[in-house]
Amino acid sequence: MRKDRILWADDEIDLLRPHILFLEEKGYEVHTASNGKDAVDMCRETSFDIIFLDENMPGLSGLETLSQIKNIDPNVPLVMITKSEEEDIMNMAIGQKIADYLTKPVNPSQILLTLKKNIHQREIVSEHTTSAYRSEFGQIGMQINDSFSYEDWVEIYKKLVYWELELSEAENGMEELLMTQKNEANSAFSKFIKRNYLDWFHSPEKRPLTSPEIFKTKVFPLLDKGEKVFFVLVDNFRYDQWCLLRGLINEFYHIEEEEIYCAMLPTATQYARNAIFSGLFPRQIQEMFPEFWVEEEEEEGKNLYEKELLETQIQRFRKRYNFSYHKINESSFCERLIQQLPQLEDNNLNVCVLNFIDMLSHARTDSKMMRELANDNKAYRSLTMSWFKHSSAYDLLKAIAQRGYKVVFTTDHGMIQVSNTIKVIGDRATNVNLRYKVGKSLSYNKKEVFEVKKPEEIGLPSPNVSSTYIFATNNDFFAYPNNYNYYVNYFKNTFQHGGVSLEEMLVPIALLSPKK
């Protein structure tokens, strides 16, 4: 196994002999140069794991040497060592993307710390993360077994997402153990929902914050205080995706509040998002505003009346807010909205629905290439992060911050990667969603689903007198026996929504305040 190779360039290299011996005793292979030209020549002949450069050398200066070495090997970590503490030298060095900056005299422990940060960080982090997760594995398992409230499940889900993100960075093979624990948690969470979801409707005071209460509790109080608010809803957006994007959003927003709310069932756009904008459960929408409710079997788009539904909610609460509504399905719409921002300043409220994540999930299902790009949760998160970082949606949020708006940032539901097929039989009127079914003559195994025989008891409409809703749990999805192999091959490992899982139901909502 090759030793880690260090190049140290300093015109007083002989005085550093004790440091070099110290590093050799630690197992490093140290090469030395007394000037910048020799250092550059050595880099042409040999690859190094890290390079230490004295800033003040005769001939080529440290900064000039750094620049030439970067042209030879752009990825090698370079550490600048200098007697000077002048800010402009620091800025120039940092501007050239140095790995670290040390001021003379340096001691061996400083050098060793720099090596650990720049050469060994991945394995040290991986080892530490593995050890920390192993020590908490048992505690999380006990929490799963002892979770009796919604708040308990929020804490468990936050912990699981935290470790999922940490372990995915560590690349230590522990993800499989975590997924086993996550599946165990989803199984227990499904039982919790089966026991409690109906009771939340009989006793609303027990119910956590859910879809119809978002505007009443999170948006209207801000508007009543005279705040100018942008309500940004990203369709089909999970808590783990939010955790990644939070770092980018932090560049221009303070996150004043952040919590996880419970998306209503079915965790599908037609139900959950219409509930958000109307402030009503779907059955109430159907009864009070039948012109704005589209049944499952109808061909018409299921979210064509969000603006009208929000208007009914504002009127019902006797508010007098001016608002605009914008649905963004492609980048050009976003760019156009950025240009329109000056004209929207007279509004109390501006609503923006971003459909990019939803389109990404459907594209992943339909496209073989997208399946390869996002073949698991880690890859899917990475794809989301890459999209957002380079998207006009990122530019829009930045432009909104520059205009001083507060932002309520949320989603309507999440999604889960499905892998296990459950057989169901239904007539032609049965809906096509893979995570929930509604129909009057469904045949299924009751033990495998969350069954609701009386839809009105959970705020859902009944297409027929005898309609039943069934929801897939865990990572299951529904398939018809006559097309069973097709469904298994085509939809296995795709991302779906509509059912009962931590990923679909426990979703983020945050209040963002622009940084000045």
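The disulfide count is zero, where a disulfide is a pair of cysteine sulfur atoms within 2.5 Å. In general, a disulfide is a covalent bond between the sulfur atoms of two cysteines. Take Cys-352. Its sulfur lies 6.0 Å from the closest cysteine sulfur, in Cys-334, and that is too far for a bond. Cys-352 is buried, at 0% relative accessibility. Cys-43 is buried too, with a relative accessible area of 11%. Buried means under 20% relative accessible area, exposed means over 50%, and partly exposed is in between, with a 1.4 Å probe and protein chains only.

This is a predicted model, in which local features need pLDDT of at least 70 and side-chain atom pairs count only at pLDDT 80 or more, while totals for chains, interfaces and linings use all residues. Residues are numbered from 1 along each chain as its sequence is written, and side-chain values use heavy atoms, with hydrogens and water left out.

Now to the sheets. Helices (H or I, at least four residues) and strands (E, at least two) are DSSP runs, numbered from the N terminus. Two strands pair if DSSP finds at least two bridges between them. Six strands form an open sheet with mixed pairing, in the order β7-β18-β10-β6-β9-β8. Its edge strands are β7 (253–262) and β8 (323–328), and each pairs on one side only. Neighbouring strands here are turned by 15° against each other on average, direction ignored. Axes are lines fitted to C-alpha atoms, for helices over the stretch in contact, and angles run from 0 to 180 degrees between N-to-C directions.

β8 pairs with strand β9 (residues 349–354) in the parallel sense, over six bridges. Tyr-325 stands opposite Val-351 in β9. Helix α11 (residues 269–278) packs on this sheet. The helix touches β6 (229–234), β7, β8 and β9, and its direction makes about 170° with that of β6. Contact means heavy atoms within 4.5 Å.

Leu-265 and Pro-266 are joined by a cis peptide bond, with omega about -10°. Pro-266 lies in the loop between β7 and α11. Asn-236 sits in the loop between β6 and α10 (239–249). Its phi is near 65°, a positive value in a residue other than glycine. Asn-236 is buried, with a relative accessible area of 0%.

Another open sheet has three strands, in the order β13-β15-β14, with antiparallel pairing. Its edges are β13 (436–439) and β14 (449–452), each pairing on one side only. β14 and strand β15 (residues 468–472) pair in the antiparallel sense over four bridges. Phe-450 has Phe-471 in β15 as its bridge partner.

Next comes a helix pair. The axes of α9 (residues 214–224) and α13 (residues 306–316) come within 12 Å and cross at roughly 75°. That makes α9 roughly perpendicular to α13; angles under 35 degrees count as roughly parallel, over 145 as roughly antiparallel, 65 to 115 as roughly perpendicular and the rest as oblique. Phe-215, Lys-216 and Phe-220 in α9 meet Leu-310, Gln-313 and Ile-314 in α13.

A cis peptide bond joins Lys-104 and Pro-105, with omega about -5°. Pro-105 is in the loop between β5 (100–103) and α5 (108–118). Asn-493 has a positive phi, near 70°, and is partly exposed at 35% relative accessibility.
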